[in-house]
Amino acid sequence: MNKTIGIFGGGQLGRMMAQAALPLNIQCTFFEASADCPSAALGTVYSSAAEHGLQNFIQSADVFSLEFENTPLADVDVLTQSKALHPPRQALAIAQNRLQEKALFDALQIPVAPYKAVDSLDSLQAAVAELGLPIVLKTATGGYDGKGQFVLRSADQIDQAWAELGPAGSLIAESFVTFSREVSIIAVRGQNGDVKTWPLAENHHHHGILSHSIVPAPNSIDLQPVAQDYITRLLNHLNYVGVLTLELFVTEKGLYANEMAPRVHNSGHWSIEGAVCSQFENHVRAVAGLPLGSTEVVRPTVMVNIIGQHPKSEDVLALNGAHLHLYNKTEREGRKIGHITLMPNDSRELTSLCRQLAKILPNPLALSEDMSI
Ligand code: AMP
């Protein structure tokens, strides 16, 4: 069995992967610029800024994975000359480019909003003429949490949109999707091709950042098998090993894929307490070539992100059934620095917990009081 997993990136996702690996006697090492990153408490960090950092990192582990979606492909290419990476390079390359990602969804007949590639002001005008307005203009590479996006609502914004995003390189123009809610599906594929899927999460955002997720997504019995089918197509096509996330819009015409993340995902943090086996443990199991664990839900769960400022730990922990996860990150506006897991018995208890939480959190974001589970 592999004893050490080397992880590209050293953020909170790496930290939680390593926390899940520890009981299995699996160590993790990390490749990250900053020595005091959230993963540092869990294993050696090899500096991506140091001269022989990559070579030393490659020496440090038996098998490799990633928690950072923008892991440079050049580094991966050096690694894969001697060691294995899960998930595969192809999945990472596709997820780093929205145009390639949409082309893959098309090829696998996973529905997406109509889109066009844009690389000039002329092609932006042509895309607006063909797709109609509104459209969401996005950079093909490098964007995250709604950054690198422009919602074009009227033709007189075309010049402004091009001025803002044009210099960023290749762009994608997508029809604006009218959706009732956003959901995500997370699945894991083992080295023997086994696939296991967690229930859909319903995701709520505030200023483009995930605020909270409810799992299982309410009223999703019909959506679950469809989403499961889509993500299984992706996993099998890519001969994927590890955890994959697919973000989807719920529309009147069914599910539309927005994007995939070739890694564990913020909308899966609920699974640490809420599922028999968490996304982190199953990812580690897959990467290490171990059998996958059950993805069944123990209890309906709500995960609330702590963004920007820390609440008082004693206030959070006084809430009935609440679990607190802090990432050892400094406070900064808009930064994810921890999360809270709530496991209410029913919708009434959830409402009550959310009201209490809204008073405790310095930055309660979009926590509404009428959530149901
Ligand atoms: P993304 O970076 O692609 O995940 O987009 C960030 C957020 O922008 C999504 O979570 C949606 O709320 C919104 N969004 C992205 N693409 C579209 C679209 N084509 N239509 C409507 N809203 C979108």
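**Around the ligand**

Modeller: The ligand is surrounded by 16 residues, each with a heavy atom within 4 Å of it. Lys138, Gln149, Val177, Glu182 and Glu259 are the closest. This is a predicted model, where local features need pLDDT of at least 70 and side-chain atom pairs count only at pLDDT 80 or more, while totals for chains, interfaces and linings use all residues. Residues are numbered from 1 along each chain as its sequence is written, and side-chain values use heavy atoms, with hydrogens and water left out.

Sort the shell by class. Six of its residues are charged, five are polar and five are nonpolar. Here Asp, Glu, Lys and Arg count as charged, Ala, Val, Leu, Ile, Met, Phe, Trp, Tyr, Cys and Pro as nonpolar, and the others, Gly among them, as polar.

Now the polar contacts, meaning pairs of N or O atoms within 3.5 Å. Glu182 places a polar side-chain atom 2.5 Å from a ligand oxygen. A ligand nitrogen lies 2.8 Å from a polar backbone atom of Val177. Glu174 also takes part: an N or O atom of its side chain is 2.9 Å from a nitrogen of the ligand. How much of the ligand does the protein bury? Alone, the ligand exposes 480 Å², and the protein buries 88% of that (Shrake-Rupley method, 1.4 Å probe).

Next, the strands. Strand 6 (135-139), strand 8 (171-175), strand 13 (242-251) and strand 14 (254-261) each give the shell at least two residues. Strands are DSSP runs of E, at least two residues, numbered from the N terminus.

Step back to the domains. There are three: domain 1 (4-85), domain 2 (114-175) and domain 3 (181-360), with bounds from an automatic or database assignment. Domain 2 and domain 3 both contribute residues to the shell, so the ligand lies between them. The centres of domain 1 and domain 2, taken over C-alpha atoms, are 35 Å apart.

Ala257 has a relative accessible area of 3%, so it is buried (under 20%; exposed is over 50%, partly exposed in between; 1.4 Å probe, protein chains only). Beyond its neighbours within four places in sequence, Ala257 has contacts that include Phe105, Ile110, Pro111 and Val112 (heavy atoms within 4.5 Å). Leu246, Glu247 and Leu248 are also among them. Val304 is 47 residues away along the chain, and its C-alpha atom is 24 Å from that of Ala257.

How values were computed:
Polar contact = N/O pair within 3.5 Å; in protein donor to acceptor, adjacent residues only side chain to side chain. Helix = DSSP H or I, 4+ residues; strand = E, 2+ residues; numbered from the N terminus.
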